[in-house]
Amino acid sequence: MSNKQTQLHIKDHSVSGEMFQLKENKTYGFLETFPQPKASQLSEYYKTEDYISHTDAKRNWFEKAYHLVRRFSLKQKQKLINGFKTETKTLLDVGCGTGDFLKTAKENNWTVSGIEPNADARSIANQKTENAVLDIEKLNNFESNSFDVITLWHVLEHLPDLEQQISTFKKLLKPNGRLVVAVPNYKSFDANYYKQFWAAYDVPRHLWHFDQQSISKLFASINMEIEQTKPMLFDAFYVSLLSEKYKSGSKNIFKAFYNGLRSNLKANRTSECSSLIYVLKNS
């Protein structure tokens with residue numbers, strides 16, 4: 001993974017104000033955040049009340065809108081996994097946040113387990129799932145071939161030791177099981193429009209930045225193929241709102257909505273949505 005070329009310089013707008021570089025990984029084609037914080041330092045970059053996936057707060061219109069969209073998204077996610085033909089319906093959600101997806105899956109007769117490194121979010125999730133959520137150190141405690149489905153909803157980009165992590169997920173999946181990965185797409189219109197202000201770069205919490213080709217190459221390295229790709233249309237609006245704030249100091253609702261809409265309309269022609277869901281089938 002040498003010989004990397006710097007693509008962009010990005011500021012951490014959320015926590016530290018530090019500057020980072022994005023460098024191309026020549027093996028797979030994704031972008032890497034550089035320098036990457038040490039594992040012992042990563043948690044410091046999540047210490048903000050605005051990190052919305054770690055809370056159920058509804059303090060303002062933005063958070064209320066987020067939770068409204070999340071309820072709709074939960075139904076769509078549940079519809080997706082319910083479409084997989086499985087006999088035992090065992091699910092692992094990695095980076096499950098406050099546990100709403102697990103709660104919904106449990107109500108749909110899935111046997112659920114979760115992994116969440118943030119202690120506060122994990123505590124909330126366990127209240128919803130009868131203590132089915134564990135710290136990340138417990139991931140290796142699961143037996144091989146334990147799960148029909150493993151989901152990572154905007155989580156893969158946060159995980160250090162990327163190649164080791166995806167090998168672990170493959171090991172935990174049953175034969176013909178599915179790995180569902182949702183990640184931002186740096187080839188989208190909104191990414192190209194906002195450039196260094198694109199909120200979905202979210203350095204240094206996002207260690208990796210994917211496009212469709214790099215996801216395909218990465219998982220081909222462990223003999224997993226993309227079975228289907230699905231758009232996450234609401235992400236273009238959410239990301240554009242934050243990007244407007246980073247670029248101009250104001251969320252600028254109407255301009256953000258316009259650019260989110262443009263991104264989705266262009267994605268209909270190019271399949272390059274702001275975020276994409278990849279369904280990968282185990283061999």
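Predicted model: local features only at pLDDT ≥ 70, side-chain atom pairs only at ≥ 80, totals over all residues.
Is K89 buried, exposed or partly exposed?

Now, K89. With a relative accessible area of 23%, K89 comes out as partly exposed, because the buried class stops at under 20% and the exposed class begins at over 50%. K89 sits in the loop between α1 and β4, and β4 covers 90–94. There is something else to look at here: phi of K89 is near 55°, which is a positive value in a residue other than glycine.

You'll find H154 in the loop between β7, residues 147–153, and α4. At 23% relative accessibility, H154 counts as partly exposed.

While we are on the backbone, let me show you two cis peptide bonds. One runs from F34 to P35, with omega near -5°. P35 has its place in the loop between β3, residues 31–34, and α1. Another cis bond joins V203 and P204, and there omega is about -5°. P204 is in the loop between α5, at 189–194, and β9, at 208–209.

Let's step back and see the whole protein. There are eight helices and 11 strands. How does the radius of gyration fit with a compact globule? For 283 residues, a compact globule would have a value near 19 Å, and this protein has 18 Å, which agrees. If you'd like to picture the box, the C-alpha atoms fill roughly 50 × 45 × 40 Å along the principal axes. Buried residues make up 51% of the 283. Of the contacts with a separation of 6 or more, 69% are between residues 24 or more positions apart.

And the surface? The accessible area comes to about 13,900 Å², and carbon and sulfur atoms account for 49% of that. On the charge side, there are 38 positive and 31 negative side chains, with the centres of the two sets lying 5 Å apart.

Start with α3, residues 119–129. Which residues of α3 are buried? They are A121, R122, A125, N126 and T129. Looking down the axis of α3, these buried residues fall within an arc of 135°, so they line one face of the helix. The background is simple: an α-helix has 3.6 residues a turn, so residues three or four places apart point the same way. Over on the other side of α3, D120 and Q127 are exposed. The cover over the buried residues of α3 includes α2, at 100–107, and β6, at 133–134.

The other helix is α6, residues 212–220, where S214, I215, L218 and F219 are buried. Their arc around the axis is only 120°, which puts them on the same side of α6. What do the buried residues of α6 pack against? The partners are α4 (162–172), β8 (173–184), β10 (225–231) and β11 (275–281). Also in α6 is Q213, and Q213 is exposed, with a relative accessible area of 51%. From Q213 to L179, 34 residues away along the chain, the C-alpha separation is 17 Å.

Two more residues before I let you go. R70 belongs to helix α1, which spans residues 61–82. Despite being an arginine, R70 is buried, with a relative accessible area of 17%. R70 and D100 are 30 residues apart in sequence, and their C-alpha atoms are 9.0 Å apart in space.

Q5 has 47% relative accessibility and so counts as partly exposed. Which residues does Q5 touch, leaving out those up to four places away in sequence? The answer is L22, K23, E24 and K26. I81, by contrast, is 76 residues from Q5 in sequence and 38 Å from Q5 in space, C-alpha to C-alpha.

Technical notes: Residues numbered from 1 in each chain as written. Heavy atoms only, no water. Helix = DSSP H or I, 4+ residues; strand = E, 2+ residues; numbered from the N terminus. Rg over C-alpha atoms; globule rule 2.2 N^0.38 Å. Buried < 20%, exposed > 50% of the residue type's maximum accessible area, 1.4 Å probe, protein only. Contact = heavy atoms within 4.5 Å. Areas by Shrake-Rupley, 256 points an atom, 1.4 Å probe, with all protein chains shown as cover. Lys, Arg positive; Asp, Glu negative; His and termini not counted. Charge placed at Lys NZ, Arg CZ, Asp CG, Glu CD. Arc of directions from axis to C-beta.
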